[in-house]
Amino acid sequence: MQTPSFLRIGTLAALLLGPTACVKDLDREPFYEVNTDTVYRDPANYLRVLAKLYAGFNLAGQTSTGSADVSDFGDEGEASYLRAYWKLQQLPTDETVVAWNNVPIQDLNKISWNAGNNYVLFAYNRIFYEVSLCNEFIRETTDDKLSRRGITGPAAANARRYRAEARFLRALAYFHALDLFGTVPFVTEADAPGKFLPRQIARADLFAYLETELTALEADLGAPRQPGYGHADQGAAWTLLATLYLNAEVYTGTPRYTDCLTYCNKVLAAGYTLAPEYRLLFLADNDRVAATEIIFPITSDGLAQQSYGGTTYLVHAAVGGRMLSTGFGVNSGWAGNRSRRNLPQLFPAVNGSVDRRAMFFTVGQTLDIPAPSANNPAPLIAFTSGYAVTKYKNKTAAGANGSDAVFVDTDFPMFRLADVYLMYAEAVLRGGTGGTPGQALTYVNALRDRAYGNPAGGTAGHVVAADLAAPDFILDERARELYWEGHRRTDLIRFGKFTAGSYLWPYKGGAPAGQGVAATFNLYPIPSADIVANPTLVQNPGY
């Protein structure tokens with residue numbers, strides 16, 4: 001995409017909010033090259049600083065290399081927010097496996113990590129760095145401070161909306177912390193910056209905070225699709241709330257499916273529509289050809305937002321073997337990520353019709369990742385073991401390349417309408433009120449109409465109510481629709497299949513045929529580095 005102007009990070013934002021070194025306390029006070037009050041006295045600067053908060057989900061620092069916000073990570077691209085988060089959500093699951101041969105990343109492949117795992121640390125540090133940046137912006141944009149700086153009228157109204165967007169971004173980061181780590185350090189704008197030991201918040205209490213915070217900020221956000229593409233709006237807040245409620249039983253022990261439906265219905269009434277073709281959602285111009293479906297993106301621009309994380313990672317790392325990188329709009333493949341057998345097998349042909357969501361490269365690739373043998377002693381790290389996935393490309397809908405051959409233009413759809421359709425269906429099937437089985441079936445078949453290329457009135461691939469109610473149908477349909485979009489670990493946990501021995505995939509638990517693992521692994525550990533730095537923290541059970 002071409003980055004919206006508000007997301008182009010200017011020199012001022014770079015000076016104001018970065019870079020900093022990796023430090024031990026959660027609320028990392030930025031080092032200022034310019035005076036804070038001077039910067040915030042000018043209303044024009046608020047949008048520039050907000051841009052840094054958005055960019056924190058994609059970029060590792062101010063440039064592609066050599067200026068990381070959080071240092072001491074070696075390859076800073078590995079520690080960018082989206083790349084680190086995606087690995088923790090995808091690599092331990094039945095959808096994904098990575099070929100790169102280092103112990104910490106292979107421990108993700110096998111669900112055998114510990115509290116010293118670098119990739120767990122990367123995600124943890126990026127989440128809380130984002131929280132600290134948002135805290136600072138929220139702290140500097142209160143009504144009192146706006147008034148004292150003489151910012152009134154439309155400028156003050158804009159600042160209040162930007163503050164609500166920053167609160168949403170902080171809530172999104174805290175949601176990821178809730179989901180990945182459970183009980184975590186907790187700091188808000190009410191905690192003055194400085195050296196202190198952040199208090200730890202129980203998982204259920206963090207859930208309650210997010211519920212309160214998201215409902216409180218909702219009114220100050222722009223209406224759905226009104227602030228402009230890339231901005232957080234009410235639709236984004238409603239989708240995050242629906243996701244929070246869908247997983248409430250995991251997080252708190254209490255199901256909240258009726259609340260999930262309440263917020264699904266708000267999104268469904270907001271005017272979003274499905275993109276006409278599935279493939280359009282993952283291309284370099286998806287901000288134009290699929291914008292009606294994307295509720296909240298992590299934006300990417302090969303010229304203005306250069307990072308070895310984000311979708312640059314997702315495109316390059318999926319290309320290897322006999323694949324031609326030119327077909328993906330990039331100059332090289334990194335021969336990393338591909339699928340385990342469970343994912344391709346979810347896409348059988350139906351009465352001769354093919355599900356177009358099945359985007360795999362099979363030439364020279366094997367469906368299975370075999371057991372080690374004399375001829376193939378390390379199949380897990382062979383890119384050709386497992387089908388390659390062709391979902392993300394740095395190509396436009398018309399087939400043109402993106403703006404750069406290294407850094408891609410493809411936006412990551414963090415939230416999109418299809419997910420809301422499937423959340424609605426699942427919440428209805430789990431007993432929530434505020435929806436109907438008939439409407440749930442309509443939403444699922446709308447996705448399958450697109451998947452099978454049905455003309456108006458066509459029924460190829462359609463399912464009936466009995467199919468929808470089958471025990472694993474929704475879980476499988478979520479994989480068919482949302483694979484490699486950072487949902488799978490959370491979905492498997494909600495369905496009780498992530499650690500259980502009753503559902504296996506190759507090398508789950510390290511065994512070639514798969515095996516169950518301890519329930520400990522339903523949460524990641526608090527990294528050892530933070531436990532050492534903050535002795536008040538209590539480690540997650542089993543680590």
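Modeller: One term first: buried means under 20% relative accessible area, exposed means over 50%, and partly exposed lies in between, with a 1.4 Å probe and protein chains only. By that rule Arg170 counts as buried, because its relative accessibility is 2%. This is a predicted model, where local features need pLDDT of at least 70 and side-chain atom pairs count only at pLDDT 80 or more, while totals for chains, interfaces and linings use all residues. Residues are numbered from 1 along each chain as its sequence is written, and side-chain values use heavy atoms, with hydrogens and water left out.

Biologist: Where is Arg170 found?

Modeller: Arg170 is in helix α8. Helices (H or I, at least four residues) and strands (E, at least two) are DSSP runs, numbered from the N terminus.

Biologist: And what is Arg170 in contact with, leaving aside its neighbours within four places in sequence?

Modeller: Val131, Cys134, Asn135, Ile138, Thr188, Glu189, Tyr209 and Glu213. Contact means heavy atoms within 4.5 Å.

Biologist: How many residues has the largest nonpolar core?

Modeller: The largest nonpolar core has 151 residues. Such a core is a set of buried Ala, Val, Leu, Ile, Met, Phe, Trp, Tyr and Cys residues joined through side-chain atoms within 4.5 Å. Phe137, Phe168, Tyr174, Phe181, Leu206, Leu210 and Phe296 have the most contacts inside it. Helix α8 (residues 153–181) gives this core its largest share, 16 residues.

Biologist: Take Leu206. What is it in contact with?

Modeller: Apart from neighbours within four places in sequence, Leu206 is in contact with Tyr174, Leu178, Gly182, Val184, Phe186 and Ile201.

Biologist: Now strands. Is β4 enclosed or open, and why?

Modeller: Strand β4 (residues 294–298) is largely enclosed by the rest of the structure, because five of its five residues are buried.

Biologist: Which strand does β4 pair with?

Modeller: Strand β8 (residues 412–416), in the antiparallel sense and over four bridges. Strands count as paired if DSSP finds at least two bridges between them. Pro297 has Pro413 of β8 as its bridge partner, and Ile298 stands opposite Phe412. β8 is mostly covered too, with five of its five residues buried.

Biologist: On to charges. How many salt bridges does the structure hold?

Modeller: It holds 39 salt bridges. The criterion is a side-chain nitrogen of Lys or Arg within 4 Å of a carboxyl oxygen of Asp or Glu.

Biologist: Give me a couple of examples.

Modeller: Arg149 bridges to Glu140, with the closest N and O atoms 2.5 Å apart. Both Arg149 and Glu140 are buried. Arg288 forms a salt bridge with Asp287, where the closest N and O atoms are 3.5 Å apart. Arg288 counts as exposed because its relative accessibility is 55%, whereas Asp287 is buried at 12%.

Biologist: What about Glu477 and Arg480, how are they separated in helix α18?

Modeller: By about one helical turn, because they are three residues apart in α18 (residues 473–482). Glu477 is buried at 0% relative accessibility, and Arg480 is buried at 10%. Salt bridges that share partners join Glu477 and Arg480 into one network with Glu293, Asp355, Arg357, Lys391, Arg416, Arg448, Arg450, Glu481 and Glu485.

Biologist: Last one, backbone. What is the phi of Arg225?

Modeller: Near 70°, a positive value in a residue other than glycine. Arg225 lies in the loop between α9 (203–217) and α10, and it counts as partly exposed because its relative accessibility is 41%. Tyr507 also has a positive phi, about 70°, and is not a glycine. Tyr507 is in the loop between α19 and α20 (528–533) and is buried, with a relative accessible area of 5%.
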